[in-house]
Amino acid sequence: METYDPKAIEAKWQRVWEDARAFYAEDPPPGEEPDGKFYMLEMLPYPSGNLHMGHVLNYTLGDVLTHFHRRHGQDVLRPMGWDSFGLPAENAAIREGGHPREITERNIVNIERQMRRLGWAIDWDRVIAAHDPDYYRWTQWLFLRFLERDLAYRKAAFVNWCPHDQTVLANEQVIDGKCERCGTVVEARKLEQWFFKITAYADALLHDHALIDWPERTKTIQRNWIGRSEGAELLFRIDELDLDVPVFTTRADTVFGATLFVLAPEHPLVDEMIERSPNGEELRTYVSHALAKRGEQRAAAEEKTGVFTGFFATNPATEARIPVWVADYVLMEYGTGAIMAVPGHDERDREFADRFELPVVEVVDEEAGVLVDSAQFSGMKVEEAERAIVEWLGERGRGRPAVSFRLRDWGFSRQRYWGCPIPIVYCPSCGVVPVPDDELPVLLPEVEDYRPKGKPPLASNEDWLRAPCPKCGGEGRREADTMDTFVDSAWYFLRYTDAHNDREPFSRRLVDFWGPVDQYIGGIDHATGHLMYSRFFVKVLNELGMVGFREPFQRLFHQGWVRQGGTKMSKSRGNVTAPDQLAEMYGADAVRLYILFVGPADQDMDWTEEGIEGVGRFLRRLWRIVGAVVEAVEPEEDGDAGPLERKAHETIAKVTDDIGRRFVFNTPIAAVMELVNELGRDPSAPGARFAAETAVSLIQPYAPHIAEELWSALGHERLWEQPWPVADEGRLRRQTFELVLQVNGRVRDRVEASVDESEAELVARAKASSRVQQHLDDKEIRQTIVVPGKLVNIVV
Ligand SMILES: [Zn+2]
Ligand SMILES: [Zn+2]
């Protein structure tokens with residue numbers, strides 16, 4: 001055979017596959033029952049310009065599973081698309097100084113070329129792009145369905161504002177009080193915003209964890225984010241405002257010790273208190289400072305701060321009038337944004353009370369776990385008291401059992417240009433009017449100056465902004481905010497099932513055939529964002545009768561992070577990090593194989609150029625050894641094909657189990673390497689041809705180009721369609737027998753041994769037995785007698 005030339009054979013097979021439409025999924029004809037489908041999906045990339053090794057890991061993993069399931073006879077759907085709207089694309093455009101559309105589309109061309117260069121088995125017929133009007137028309141259409149069911153609504157709210165990106169962020173996009181994108185400290189701003197009512201599904205999002213096979217830690221992250229807690233809602237009356245203000249507490253048993261009432265600075269009552277309070281100015285100053293800080297930052301502050309409002313609330317249990325304070329250690333995101341402070345039994349309330357010399361009353365004997373100084377409830381156990389107090393307050397209309405969630409509705413308005421327009425017209429006489437379905441899409445206009453400027457860039461585009469009211473025909477104005485790009489990605493996996501449908505986002509028949517996604521792969525950093533939003537969308541669409549399932553992603557895998565270790569590489573070679581450049585140097589197969597060989601795919605990994613060179617050497621050896629097998633004349637088999645064939649069957653069993661059941665991707669490569677090593681010792685040994693075919697067949701999901709070429713050399717065709725090899729159980733079990741171990745002729749132990757073992761190995765087994773050792777007792781061994789297949793006798 002000729003020498004191994006990865007570049008030539010990779011280009012050749014990529015052409016063959018494309019011409020054969022090898023990896024394009026066929027939709028079933030109407031009326032046909034689903035039969036072994038497998039929907040394989042990795043999170044879609046945003047077209048930032050270049051693939052990086054993290055992408056290579058993600059999509060090669062998906063590729064191995066794609067081939068694995070295809071060759072198990074399943075119809076596999078494995079599409080690709082572009083998360084092309086949103087901040088990353090727009091920020092890239094600002095950085096590079098061009099128009100987001102231009103830059104996005106240029107990047108898409110480049111990233112697709114790189115993906116094709118790596119030979120991934122992708123159905124390129126179903127590509128979607130978030131910024132394509134054929135796609136975002138349906139994003140708008142879905143928004144209108146949510147709006148009809150009051151699952152999308154508009155309200156004024158304090159939102160996370162990134163002063164650098166000049167836009168609102170979802171809670172999920174704020175990490176430790178900072179913008180996830182640029183790290184700027186986020187501010188609170190009160191703005192009219194669009195929200196999705198994801199909180200209506202808080203319980204369903206928790207319960208339906210039972211339906212999906214996800215990593216436990218991901219479910220835990222979501223569970224904590226949703227933050228369900230059971231407790232009670234108690235009403236505190238503020239007479240001066242003629243209002244009952246609810247608080248949520250999990251410690252109703254301590255209500256007799258509630259000596260003050262504290263509001264978050266964002267609480268809706270605060271504005272009115274500022275107007276009416278004698279120390280309104282002090283309050284106003286405090287609140288505006290507090291709003292400039294954000295959640296976690298505030299909660300973690302060393303010293304508690306706050307201002308007395310001048311108002312009093314009535315404790316529903318003691319009927320005492322307790323002072324109402326505003327303090328920024330109370331967060332609007334938790335409970336109702338108001339708390340009954342119990343300095344006697346809550347650490348943070350205690351710090352606050354100490355700081356301002358406010359009364360501390362103890363109402364639970366913490367040691368005994370019983371209530372004290374709590375009227376008729378004194379002496380009761382805490383749990384019992386909690387129930388009794390809520391019931392008692394309930395009878396007086398001052399309380400009820402309640403459940404509180406940490407989860408908040410998803411604010412999705414963005415004051416940015418590069419996003420999906422929200423199909424709404426504001427009419428002076430009709431109010432908020434949805435754009436009718438048959439006028440979709442509301443196209444994103446081309447604008448010169450798309451840069452963020454605090455107000456939405458679309459708001460300065462008068463021509464586009466003015467639109468007739470769909471209801472009365474009068475002059476209205478369009479919504480100038482655009483949608484968070486996470487709206488685009490909350491349903492894209494459904495569109496792939498019917499990507500060219502121009503009558504509806506997807507047909508029920510096809511979405512139910514392919515959906516839900518059987519295996520999803522992506523970063524755990526999306527646990528509270530994309531993964532939660534997608535689950536929410538699918539639940540709503542299920543209720544709308546558009547999909548027949550309630551969960552989008554049946555099984556989920558998180559790949560680790562790929563770091564580039566070692567400085568040697570960048571010094572000696574220049575910074576050769578782009579996967580397509582590595583593919584040019586080593587071949588796509590080497591890049592693919594290496595990224596899965598370097599370590600377990602779910603753990604962080606360092607990759608080095610030395611490593612990829614090692615994998616390249618393996619591929620050249622595979623090439624050479626299979627070539628030698630092709631040229632060798634295999635001896636006639638005499639029924640016992642020998643150790644090589646058995647090794648091949650063992651390798652099949654291991655690789656199949658690792659990929660299919662254990663979901664481990666590096667060990668199968670090592671197993672094939674081992675098989676190739678054994679084969680290399682004698683390429684004309686009995687069973688060599690079978691072992692070579694097996695090695696090539698098993699490595700195909702990882703290194704499909706070289707595998708295909710060697711498969712042809714072995715005289716076969718179309719490996720990508722060949723059934724996955726099956727291990728012959730009979731050949732797997734090494735033949736064993738019970739070896740009897742004797743000392744001085746008396747049986748001391750019995751162990752299992754293989755017929756292949758040499759006499760020396762059998763003696764070693766005898767000496768390793770602890771029961772035999774007891775009788776050897778450091779005595780001198782005079783003789784060892786071995787009866788092959790039966791026993792070892794040691795004479796001392
Ligand atoms: Zn930012
Ligand atoms: Zn109107």
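This is a predicted model: local features need pLDDT of at least 70, side-chain atom pairs count only at pLDDT 80 or more; totals for chains, interfaces and linings use all residues.
Local features required pLDDT of at least 70 and side-chain atom pairs pLDDT 80 or more, whereas totals for chains, interfaces and linings use all residues. Residues are numbered from 1 along each chain as written, chains are lettered from A and ligands numbered from 1 in written order, and side-chain values use heavy atoms, without hydrogens or water.

Donors are N, O and S atoms within 2.8 Å of the metal (3.2 Å for Na, K and Ca); water is not among the atoms, so sites may look incomplete. Cys162 belongs to strand 5 (residues 152-162) and Cys182 to the loop between strand 8 (178-179) and strand 9 (187-196), so the pair ties together parts 20 residues apart in sequence. Strands (E, at least two residues) and helices (H or I, at least four) are DSSP runs, numbered from the N terminus. Cys162 is buried, at 0% relative accessible area. Cys182 is partly exposed, at 31%. Buried means under 20% relative accessible area, exposed over 50%, and partly exposed in between (1.4 Å probe, protein chains only).

The zinc ion (ligand 2) is coordinated by Cys427 (SG), Cys430 (SG), Cys469 (SG) and Cys472 (SG), at 2.2 to 2.3 Å. Its donor angles of 106 to 113° make this arrangement tetrahedral. The ideal angle for four tetrahedral donors is 109.5 degrees. The sequence spacing is C-x2-C-x38-C-x2-C. Cys430 is partly exposed, at 27% relative accessible area. Cys469 is buried, at 3%.

The structure holds 46 aromatic pairs. Rings of Phe, Tyr and Trp (its six-membered ring) pair if their centres lie within 6.5 Å; planes under 30 degrees apart are stacked, over 60 edge-to-face, and the rest tilted. Trp138 and Trp141 are edge-to-face, with centres 5.8 Å apart and planes at 70°. Both lie in helix 5 (residues 133-148), three residues apart. Trp138 is buried at 2% relative accessibility, and Trp141 is buried at 17%. The charged end of Arg145 sits over the Trp141 ring, 4.5 Å from its centre. This contact requires NZ of Lys or CZ of Arg within 6 Å of the ring centre and within 35 degrees of the ring normal.

How values were computed. Four donors count as tetrahedral if all angles lie between 85 and 135 degrees; four count as square planar and six as octahedral if opposite donors are over 155 degrees apart and all others between 65 and 115; anything else is irregular.
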